[in-house]
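I opened this structure to take notes for someone who has not seen it before. The entries follow the order in which I looked things up.

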Amino acid sequence: MPRFSVIVPAYQVQAYLHECLESVLSQSCPDLELIVVDDCSPDACGAIIDEFAARDARVHPVHLPQNVGLGRARNAGVAHASGDYLLFLDSDDTLTPDALRSIADRLKETGDPDVLVFDYARAYWTGEAVRNQAALQLTEEGPAPFRLADRPGLLRLLMVAWNKAYRREFVEEKGFAFPPGWYEDTPWTYPVLMTAESIATLDRVCVHYRQRRQGSILRTTSERHFDVFEQYDRVFAFLDERPELAQWRPVLFRRMVHHLAIVYSRRDRLPRGSRAAFLRRARAHYRRYRTPGTPGPLRARVHHTLIRFGLHRTYRALKLASAAHRSAARITGGLGRGLRSAALRAHYRVQRCLPLRADRAVFTAYDGRGHSCNPGALEAAFRDLAPHIRTAWIARPEHHHTIPPGPRRLVPGTAAYWTALARSRYLVSNTDFDDRLVKRRGQVLIQTGHGTPLGHLGLDLQERPAAARGRDFARLLKGVEQWDYVLSANRHTTLTHERVHPGRYTTLEYGYPRNDVFRTATEADVARLRASLGVPEGAVAILYAPTRRDYRRSPRHTLDLQRIVRRLGPRFVVLARAHHAYGGPLTTTCGRVVDVSDHPSVESLCLASDALVTDYSSLMFDYANLDRPIVIHADDWEAYEAARGTYFDLRSFPPGAIARGEDELIDIFATGHWRGSRSAQLRAAFRERFCTYDDGRAAERVVRRVVLGESDLPPVVPLAERRPVPSAAASLVREPLATVPQPAGSAAVTDRL
């Protein structure tokens with residue numbers, strides 16, 4: 001008997017069916033049967049199903065003699081199922097990698113509940129994947145399993161069948177089945193959740209819900225959308241037969257009103273001329289099932305008023321008025337933006353005619369993000385070593401909270417911003433300044449960079465179209481021509497930059513200012529940072545910081561962080577940080593996995609952690625200055641190297657242990673190899689090559705040379721004499737940690753520090 005029966009009904013989805021079925025069969029949990037129901041599809045779906053069945057014995061094809069619709073096709077699949085748990089997957093959607101393994105782990109942890117609810121992400125045809133907005137309802141904190149009364153917020157999730165796993169015996173015992181018609185999930189999902197004796201949640205995206213550009217059933221204009229009324233009749237009939245569930249009637253009434261309002265208001269659902277009839281049916285349902293209780297927020301009250309009184313003409317008038325208001329706002333806004341832009345251009349030209357201010361310096365990092373990286377460390381050094389220089393920091397308003405007292409705060413695109421660019425003597429950034437910047441005679445532009453290069457950059461990307469993404473190399477070289485000084489942390493960086501960014505600048509091999517803190521921080525600073533991040537005392541904090549993938553349009557998530565911390569035991573915490581290019585979180589904060597993507601200082605995160613797990617991020621070169629363990633997760637090296645190109649084979653010269661998959665990564669930490677002698681030897685060789693000048697005084701050297709004009713600079717402290725602040729775990733007693741549960745059939749592994 002398999003653990004899972006995955007049921008996939010198929011009808012006119014020949015373009016998507018291969019990907020759907022492959023996503024199931026390629027799961028790392030192979031204990032499954034895949035029941036694919038050909039709902040008498042007129043295209044090639046039946047042949048595709050038979051092809052998969054011929055090559056994999058786990059595929060069980062079911063060919064229906066006539067088209068019966070999605071609900072009854074699912075019922076046909078259930079009739080053939082023998083697994084412990086049922087999962088439904090629409091044939092244009094996909095399971096995410098390792099989804100079934102995560103579901104199996106969670107089911108085991110929670111004692112095989114009747115229903116397990118997991119998360120999904122909307123996968124758009126553009127390549128973007130957006131997680132469910134109600135994901136907070138899936139938190140795994142608190143008792144589990146539970147009943148719906150303990151977590152009624154689950155009813156705010158999308159009421160579909162495919163974001164849950166159902167214990168088959170529970171479904172058979174209660175006699176649940178899908179009804180005919182559209183919106184068939186409604187009279188299935190609500191009764192299942194209300195009657196389940198045990199429910200658990202999994203805070204992980206397990207399904208990619210495809211948002212098709214066209215062809216989706218719910219985006220099809222049809223009279224079949226009127227089926228929604230019969231589906232709610234079935235829901236309330238189910239309640240009427242079970243008085244013990246009467247407490248859910250007010251909630252379901254509000255959900256029905258909300259659902260009917262959505263169907264009515266979507267322009268692509270109801271045929272032309274049928275909206276008034278739909279609203280009359282909705283009004284009748286409102287009166288039939290009305291239950292006392294407050295509708296809730298303003299939007300909900302509007303929906304209730306609209307449906308209760310059947311205000312079809314009022315709704316149309318409000319829609320027209322709203323559309324007219326938006327059009328007027330666009331016209332006036334566009335005119336205002338044009339006038340403002342012209343005024344700012346004129347202002348900038350005037351400012352460039354005025355004398356430079358020798359006592360002014362302006363800084364920015366990552367195109368308007370917060371006070372951070374090399375420019376942030378240099379700005380602090382300017383105030384400390386050259387107090388006669390008045391500093392300003394350019395950042396978007398949402399990042400102003402990261403700017404410390406001292407520098408003036410500037411918003412990109414304002415008059416003050418253009419004044420600072422026109423009249424400040426020193427311009428400091430780790431990326432390019434505004435394309436409209438005209439560098440004046442006497443201005444000094446310091447390009448700090450933001451990392452030692454592993455992947456190709458600059459002119460080397462001309463032969464890497466996936467990484468270049470249409471980059472204008474003439475524009476790149478125009479920006480390079482404005483550079484006066486470029487910072488470097490090692491000879492590798494110097495040689496690479498001078499070749500791929502050819503220009504007349506001067507390279508300052510002084511180290512990276514952002515790494516100075518690794519030498520100046522104290523153990524008290526480390527303790528304070530760990531406390532601010534919520535890292536428990538005595539825990540081992542792993543900083544997980546993957547880089548971007550040029551060959552993918554959306555973030556890539558190959559590690560199940562929740563599973564990793566569960567396997568490693570309660571002494572481990574993961575701090576997850578997304579690459580700044582993605583502009584969003586890497587994961588949701590849950591238990592011992594903390595998303596720190598919005599933290600303003602990656603250097604602080606490095607100090608707070610005890611080990612770094614990364615793939616090909618340049619952060620590894622900076623982190624090596626701490627002389628703390630580094631583990632490389634290189635599961636797609638060939639793809640990364642093919643798309644981006646690399647300056648050396650990281651697998652041949654790594655800073656520590658290398659994992660080629662999630663289980664191997666877990667094993668590295670479970671066996672203590674992450675901080676073993678071999679890892680220490682690899683790290684020492686890596687530091688010898690790439691940590692040449694990062695001795696804690698890089699920012700001081702830059703300011704003394706560029707601003708104060710000194711030539712007698714502080715000498716570089718030899719690598720052997722540097723004493724970076726130790727990690728919190730370095731002082732822990734080498735005692736056994738928690739036992740790490742292994743998959744069935746494997747012996748347990750005990751982790752030792």
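Is Glu 638 buried or exposed? I found Glu 638 exposed, with a relative accessible area of 51%; I call a residue buried under 20% relative accessible area, exposed over 50% and partly exposed in between (1.4 Å probe, protein chains only).

Entry on the source. The model is predicted, so I kept local features only at pLDDT of at least 70 and side-chain atom pairs only at pLDDT 80 or more, while totals for chains, interfaces and linings use all residues. I number residues from 1 along each chain as its sequence is written, and side-chain values use heavy atoms, with hydrogens and water left out.

Entry on the partner of Glu 638. Arg 651 forms a salt bridge with Glu 638, and their closest N and O atoms are 3.1 Å apart. The pair links distant parts of the chain, 13 residues apart: Glu 638 is in helix α22, and Arg 651 is in the loop between α22 (637-644) and β22 (657-659). Arg 651 is partly exposed, because its relative accessible area is 34%. I count a salt bridge when a side-chain nitrogen of Lys or Arg is within 4 Å of a carboxyl oxygen of Asp or Glu. Helices (H or I, at least four residues) and strands (E, at least two) are DSSP runs, numbered from the N terminus.

Entry on other salt bridges. I searched the whole structure and got 51 salt bridges. One of them joins Glu 140 to Arg 106, with the closest N and O atoms 3.7 Å apart. Glu 140 is in the loop between β7 and β8 and Arg 106 is in helix α4 (residues 99-109), so I noted distant parts of the chain, 34 residues apart. Both Glu 140 and Arg 106 are buried. Arg 436 pairs with Asp 434 in a salt bridge, at 3.0 Å between the closest N and O atoms. I also noted a network of salt bridges that links Asp 98, Arg 101, Asp 105, Arg 563, Arg 567, Glu 662 and Asp 663.

Entry on Asn 163. Where is Asn 163? I located Asn 163 in the loop between β7 (129-131) and β8 (164-167). Asn 163 counts as buried because its relative accessibility is 2%. The side chain of Asn 163 reaches the backbone oxygen of Leu 158 at 3.5 Å. Leaving aside neighbours within four places in sequence, I found Asn 163 in contact (heavy atoms within 4.5 Å) with Leu 116, Val 117, Phe 118 and Leu 158.

Entry on helix α16. The buried residues of α16 (residues 491-500) are His 492, Thr 493, Thr 494, Thr 496, His 497 and Val 500. I see these buried residues pack against β15 (485-488), β16 (506-509) and α24 (677-690).

Entry on the whole chain. I counted 25 helices and 24 strands in the protein chain. The C-alpha trace spans about 90 × 70 × 50 Å along its principal axes. Of the 753 residues, 55% count as buried. Among contacts between residues at least 6 apart in sequence, 72% join residues at least 24 apart.

Entry on Tyr 124. I placed Tyr 124 in strand β6 (residues 115-124). Tyr 124 is partly exposed, because its relative accessible area is 31%.

Technical notes:
Polar contact = N/O pair within 3.5 Å; in protein donor to acceptor, adjacent residues only side chain to side chain.
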